[in-house]
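Biologist: Could you walk me through reading a few features of a model? I would like the general idea, then the case at hand.

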Amino acid sequence: MELDQYYLNELEQLAAKGNLRRLPQAIYKGKWVEKEGQCLLNLSSNDYLGLASDTRLREEFMETLSERDFLFSASSSRLLTGNFPVYAELEELLADLYQAEGALVLDSGYHMNVGILPAVTDAQTLILADKLVHASLIDGIRLSAARCIRYRHQDYGQLESLVEKYQAEYPRMVIVTESVFSMDGDVTDLLRLVALKRRYPQVMLYVDEAHAVGVRGANGLGVAEEQGCIADIDFLCGTFGKALASVGAFVICRKLLRDYLVNKMRTLIFTTALPPLNIAWTRFVVAHLPQWQERRKHLQHLAAWLREDILSKGYVCPSQSHIVPLTIGASERAIEQANALQRKGFYVLPVRPPTVPERTSRLRFSLTAAVTEEEVKRLMACITPKSSVV
């Protein structure tokens, strides 16, 4: 019991700050969540295109599913017996869509971000990472032997100064960023980073498009497609578990780098591959990705409408995407506001430290294409002006 006292104290401190987490209990029904007998509109989901609950799409997939791929387990890593033909088919499809030399499918976004950076860097590498990159990228940096400097969020001037300062000292530099940031919903100027890379031959770009794949670009390939710079990014990373309603992740890269990752990336080598059934579903969804432009336009319209309303009520809203934060400040007040919206029929959860910096606790509205204008209108009517939040 004395050993447990340390952990008990830590939990009590989290509770005192309003930052104690518990796994939510709810039943999910399409875009709705049933919680304690109440039906709530789900505004905390990453199902950005509304595909996860699209029963017609699911039925169409089941009609095309072959016996070959109807397997619930790969039973092995890809380097042993888990590299089923459907993996190659999905990777070829991705490479074709992105007009790239190679693509590599991985088990999860976390596996991707903690696996690539340690594999492709060493003590002679400098990683320059945006201050607000995802926790999985931070963990990947920590696992690497590289030196890392975190530049101020989207401060491209500081980033350029760092590259200039250290370019003679390090034969390799990797700039690490997200394209759509998951907490603020703001978008990176990838063309600015590409211009910087072109001036320094030892610079590589690592861009996590987890929250952009499916919802940005003419074909849903992400911000890199939207800004016309796919070919200039060394590691273009995305996930299937958000807008694409599946599981797993992928990296688009040169064939040389793909071959290198297959041989050096521990989170690929030492884990069981995803089941063929999941990969077949992912292949099916990816093949349809270009056709969902109307869903993308609808989502962008809803997001712009909500952002304008939040700004008009006195809040700072840096979002440029379908992720729209409502920054409250204190964790206790964020919890109160989330509970108030839940009572009014909206499943909104508070985001608190350490996910976000202290005193920036917020509600994060994750909009999806399944949400209607009328539902967003009702939400806006329930958002309290900042001057009234005490």
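Biologist: What covers the buried residues of α11?

Modeller: α2 (55-64), α3 and β4 (102-106) are included in that cover, where contact means heavy atoms within 4.5 Å. This is a predicted model: local features need pLDDT of at least 70, side-chain atom pairs count only at pLDDT 80 or more, and totals for chains, interfaces and linings use all residues. Residues are numbered from 1 along each chain as its sequence is written, and side-chain values use heavy atoms, with hydrogens and water left out.

Biologist: How many residues of α11 are buried?

Modeller: Ten of the 13, where buried means under 20% relative accessible area (1.4 Å probe, protein chains only). Among them are Trp281, Phe284 and His288. Helices here are DSSP runs (H or I, at least four residues) and strands are too (E, at least two), numbered from the N terminus.

Biologist: Why does Lys313 count as buried?

Modeller: Its relative accessibility is 18%, so Lys313 counts as buried. Lys313 sits in the loop between α12 (293-312) and β11 (323-329). Leaving aside residues up to four places away in sequence, Lys313 touches Met380, Ile383, Pro385 and Lys386.

Technical notes: Buried means under 20% relative accessible area, exposed over 50%, partly exposed in between (1.4 Å probe, protein chains only).
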